[in-house]
Structure formats: C-alpha cells, structure tokens
Amino acid sequence: GIVLAGGLGTRLMTCTRVTNKHLLPVYNKPMIYYPLGTLVHAGIKEIMIVSGKGHAGHFLELLGDGRRFGVKFSYTVQEEPGGIAQALALAENFADGGRIAAVLGDNIIEDNIRDYVDDFRHQGKGAKLFLKEVPDPERFGVAEVKDGKIISIEEKPKQPKSNFAAIGIYMYDDK
C-alpha cells in the first residue's frame, strides 16, 4: 500500500505554513490516520508513505515503523510537488514488481475496501480506480467511462464527460 501525502496544502494556508495538511487534526486524530486505516482494514501489511521533503521527519516521528498499527511502514520523499504519477514512480522499488493499492493522504473513506483489494490481489489486471457519482464534477478529476472501462481522467474539466469523480483510491498491477 502507498499513502500519497505530499503537496503543499495551499488551500489550507496558514494552517499548512508550518505543517503538512495530512498531519492536521480531523476530529480526534491526524488526517493521515484515515487513509492508513483504509489500507490496514483492507489487510495490507506493508505501507509506504510518500511525503514532501519539508515534513518527512514529522511523519516518521508520528507514525514510527508501523508496529503500533500492525503493519510495516517505509518512507520516501517527493522533492517537489509533481503529482500522483511522480509520487507513484518513487514507490517503484517498494512495489518490487507486485500490485499496489494507493490512497491519497487526505481522503476519508467510510467503507471497507478489503473485498476489492482481495479481488484485485488474486485476479486483477491493469488498474482499478474508485469512482463516485457527484453533482458537481467540475471540482474533481472526472473519469470518462466507455463499455464499463475508464478511458481517461480529466482534472477539474470545464465540460465534464461524466459525473464520476475519482475519489483517490487506485490499484495497479506491475504493468
């Protein structure tokens, strides 16, 4: 599993001037605990945290080696904000040719994704992305779907091709 926790958090400035947005509290715990919980409840035992260089030590100090969560954590640093694809490229050695489940570090997912992860682990090929129908797709990354398959995703389109937003959970095989 991979938690993508980089970025600058500019929309939350001044709160993010001195800390990473994923470390800010949401209710009674740091925001990053929610996506970590999504992966842990899905049965994923090895998780890499991808963070920006200014706050990598804060994640290590907060999360440690993962024992407290019943998993093993690894860490890598994204030198500059470069998007999801760049962050995933940093995890290539961690993936070691296997399948991965990645989640954005600022997502709160209420449902357990374990069945989807197990299915992808045993039979999944290519990629699986989680979508949600939304009334205001122009605010999100929007999937174009044809014959039950995602053929493109456009970030914050002025004229969305669907009402299906990518919610920030991605599973990929080694291809």
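The model is predicted, so local features need pLDDT of at least 70 and side-chain atom pairs count only at pLDDT 80 or more, while totals for chains, interfaces and linings use all residues. Residues are numbered from 1 along each chain as its sequence is written, and side-chain values use heavy atoms, with hydrogens and water left out.

**Exercise 1.** Find how many salt bridges the structure holds, and describe the one between arginine 67 and aspartate 65.

*Solution.* Begin with the definition: a salt bridge is a side-chain nitrogen of Lys or Arg within 4 Å of a carboxyl oxygen of Asp or Glu. By this rule the structure holds eight salt bridges. In the pair of arginine 67 and aspartate 65, the closest N and O atoms are 2.6 Å apart. Next, consider exposure, where buried means under 20% relative accessible area, exposed over 50%, and partly exposed in between (1.4 Å probe, protein chains only). Arginine 67 counts as exposed because its relative accessibility is 68%, whereas aspartate 65, at 37%, counts as partly exposed.

**Exercise 2.** Work out in which helix aspartate 118 and arginine 121 both lie, and which residues are joined with them into one network.

*Solution.* Helices (H or I, at least four residues) are DSSP runs, numbered from the N terminus. Both residues lie in helix α5 (residues 114–123), three residues apart, which is about one turn of the helix. Aspartate 118 is partly exposed at 23%, and arginine 121 is partly exposed at 40%. Finally, salt bridges that share partners join Arg114, Asp118 and Arg121 into one network.

Key
Helix = DSSP H or I, 4+ residues; strand = E, 2+ residues; numbered from the N terminus.
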